[in-house]
Amino acid sequence: MPKIKTNKCAAKRFTTTGTGKFRRRKQNKRHILTKKTAKRKRSLSTSAIVDSANEGAVRRLLPYA
């Protein structure tokens, strides 16, 4: 039986938590940072949990995570 390939693009973007959920980075922290407040940039630095609507898609991309 062939093995399922892990999507390497997704593997670099998501990590698994201890409870089996997926952690992701928040968007809007790459450029055009001068107009954003320090509080907003600090909030964007923290990680977020993948929403339940998208968790199935991420799980298919990372079968062994």
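What is the accessible surface of the protein chain, and which share of it belongs to carbon and sulfur atoms? The accessible surface comes to about 5,600 Å², and carbon and sulfur atoms hold 53% of it; such areas come from the Shrake-Rupley method with a 1.4 Å probe, and for residues only the protein chains shown count as cover. The model is predicted: local features need pLDDT of at least 70 and side-chain atom pairs count only at pLDDT 80 or more, while totals for chains, interfaces and linings use all residues. Residues are numbered from 1 along each chain as its sequence is written, and side-chain values use heavy atoms, with hydrogens and water left out.

**Overall form**

- The protein chain contains three helices and three strands, arranged along the sequence as α-β-β-α-β-α; helices (H or I, at least four residues) and strands (E, at least two) are DSSP runs numbered from the N terminus.
- With a radius of gyration of 15 Å, well over the 11 Å that the globule rule gives for 65 residues, the protein chain is more spread out than a compact globule. The radius is taken over C-alpha atoms, and the rule is 2.2 Å times the number of residues to the power 0.38.
- The C-alpha trace spans about 55 × 25 × 20 Å along its principal axes.
- Of the 65 residues, 15% count as buried, where buried means under 20% relative accessible area, exposed over 50%, and partly exposed in between (1.4 Å probe, protein chains only).
- Among contacts with a separation of 6 or more, 59% join residues 24 or more positions apart; contact means heavy atoms within 4.5 Å.

**The sheet**

- The three strands form an open sheet in the order β1-β2-β3, with antiparallel pairing; two strands pair if DSSP finds at least two bridges between them.
- β1 (15–16) and β3 (48–49) stand at the edges with a single partner strand each, so one side of each is left without a neighbour in the sheet.
- β1 and β2 (residues 22–24) run antiparallel and are joined by two bridges, and T15 stands opposite R23 in β2.
- T17 is placed in the loop between β1 and β2 and is buried, with a relative accessible area of 14%. Apart from neighbours within four places in sequence, T17 is in contact with R23 and I49.

**Nonpolar core**

- The largest nonpolar core has six residues: A10, F14, F22, V50, V58 and L62. Such a core is a set of buried Ala, Val, Leu, Ile, Met, Phe, Trp, Tyr and Cys residues joined through side-chain atoms within 4.5 Å.
- A10 is in contact with L61 and L62, leaving aside its neighbours within four places in sequence.

**Loop between β2 and α2**

- N28 lies in the loop between β2 and α2 (38–45), where its phi is near 70°, a positive value in a residue other than glycine. N28 is partly exposed, at a relative accessible area of 41%.
- I32 is also in the loop between β2 and α2 and has a positive phi of about 55° although it is not a glycine. I32 is partly exposed, at 47% relative accessible area.

**Salt bridge**

- The structure holds one salt bridge, a term for a side-chain nitrogen of Lys or Arg within 4 Å of a carboxyl oxygen of Asp or Glu.
- R59 forms it with E55, the closest N and O atoms being 2.8 Å apart.
- Both R59 and E55 belong to helix α3 (residues 52–61) and are four residues apart, about one turn of the helix.
- R59 is partly exposed, with a relative accessible area of 37%.
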